[in-house]
Amino acid sequence: MIVILEPRISPDKREYQQILSALQNLQGVGIQPTSIEGPKETIHEFYLSGKTDKVSVESLEALPGVSKVIRTSKAYRILGRNTDTDPSIKFQYQGLSFSQDDFHIFPGLCAVDNPQNVELMMKALSEAHIPCTRMGAYKPRTDPYSFQGHGDKCLQYVFETAGKYGIKIIAMEVTHERHVDEIQEALTQCGAPVGVMVQIGTRNAQNFELLKAVGAQTTFPILYKRGFGITLDESLSATEYLACSGNSNIIFCLRGMKSIYSGPHRNMADFSHVAVIKRLTRMPVCVDPSHSVGCLQVGPDGISDIFHATAQGVVSGANMLLVDFHPFPPKALVDARQAISTDQLKWFLEDIQLSRETYLKRRELAKQFT
Ligand code: PEP
Ligand code: MN
């Protein structure tokens with residue numbers, strides 16, 4: 001259950017404290033206060049869990065200062081969507097807005113290799129006016145003898161270079177809760193020139209202790225990648241671990257499913273589920289065409305499979321795009337086969353714009369017919 005307060009009701013207001021004590025009187029009900037920062041105002045909410053079945057929506061809505069009370073679905077209590085009008089998860093981070101209506105592109109290095117390539121990548125993004133990137137420092141690898149990422153050793157120069165080129169947010173995977181502290185320390189040391197979106201990789205999709213730890217911090221928003229070998233329900237329940245630990249600034253990322261039928265692609269693209277995630281939950285949805293397709297093959301139309309998969313996700317209303325680029329793809333230390341050359345960044349961005357415009361037109365068309 002979610003209790004949404006009126007915009008003017010903040011924790012220092014008398015009404016806020018009165019609402020809180022009314023909620024504290026409910027037997028067997030857990031209360032998690034949260035706030036959703038919008039461009040103009042911050043909305044405060046309480047997420048209620050536990051024995052909420054008998055709690056009356058009407059009596060809570062009658063409390064002064066309460067704007068709306070929503071009974072969430074049983075399965076995904078905080079993140080679930082019950083009706084089309086339930087509010088999307090919406091948050092501001094580094095001046096950018098994330099919701100089921102927004103759209104951002106995060107092209108970057110799957111793995112940070114050296115300062116020169118980080119600089120070339122950031123420079124290309126800045127020239128293309130893209131304020132977000134992906135940079136892998138901690139790489140979960142199948143083979144223990146493969147390059148594991150430079151870890152905390154590369155963080156400072158990655159953050160400083162981002163600041164130099166005006167990059168605002170870096171999506172970065174963590175595989176251990178300690179990595180969040182390392183990111184925080186490195187940011188503090190260089191004066192926080194950039195923000196970080198902490199990524200939970202598909203291999204950690206059900207690492208519940210990691211989910212609880214990452215969910216317990218509210219400094220960084222979270223990009224959760226769908227588990228490649230578990231059901232959708234299991235992945236969505238995993239995102240509830242993040243939310244009920246305290247952080248619901250979550251973006252759900254589709255990155256393809258492991259399947260023996262996916263060949264010649266690395267995974268089976270699951271981008272038709274963009275609409276499903278938006279319908280079942282209030283989370284913004286990301287697609288990762290690089291890890292879905294896994295190769296740069298080009299069709300007779302001159303368009304690569306990765307470009308096509310990207311278009312499919314964006315035309316369906318994806319809110320974020322995570323994609324592997326590299327200044328010299330054959331030299332990339334991780335996932336070289338799927339990295340798009342920075343020479344193709346301009347083409348890629350123009351291609352995406354066509355798909356985004358098409359999605360927005362499709363949404364208008366739907367309004368005419370419904
Ligand atoms: C990645 O984004 O670098 C990555 C390892 O992705 P996934 O967890 O989806 O395999
Ligand atoms: Mn990768």
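Axes here are lines fitted to C-alpha atoms, for helices over the stretch in contact, and angles run from 0 to 180 degrees between N-to-C directions. Helices are DSSP runs (H or I, at least four residues), numbered from the N terminus. The model is predicted, and local features need pLDDT of at least 70. Residues are numbered from 1 along each chain as its sequence is written.

**Exercise 1.** Describe how H6 packs against H7.

Solution.
1. H6 covers residues 208-216 and H7 covers residues 232-244; their axes are 7 Å apart, at an angle of about 40°.
2. Angles under 35 degrees count as roughly parallel, over 145 as roughly antiparallel, 65 to 115 as roughly perpendicular and the rest as oblique. H6 is therefore oblique to H7.
3. The contact (heavy atoms within 4.5 Å) involves Phe208, Leu211, Lys212, Val214 and Gly215 of H6, and Ala238, Tyr241 and Leu242 of H7.
4. By class, these residues are 6 nonpolar, 1 polar and 1 charged. Ala, Val, Leu, Ile, Met, Phe, Trp, Tyr, Cys and Pro count as nonpolar, Asp, Glu, Lys and Arg as charged, and the others, Gly among them, as polar.

**Exercise 2.** Describe how H10 packs against H11.

Solution.
1. H10 spans residues 305-315 and H11 spans residues 345-369. The angle between them is about 30°, and their axes lie 8 Å apart.
2. H10 and H11 are therefore roughly parallel to each other.
3. From H10, the contact includes Phe307, Thr310 and Ala311; from H11, Trp347, Phe348 and Asp351 are among the residues involved.
4. The contact of H10 with H11 has 8 nonpolar, 3 polar and 3 charged residues.

Key: Chains lettered and ligands numbered in written order. Predicted model: local features only at pLDDT ≥ 70, side-chain atom pairs only at ≥ 80, totals over all residues. Heavy atoms only, no water. Helix = DSSP H or I, 4+ residues; strand = E, 2+ residues; numbered from the N terminus.
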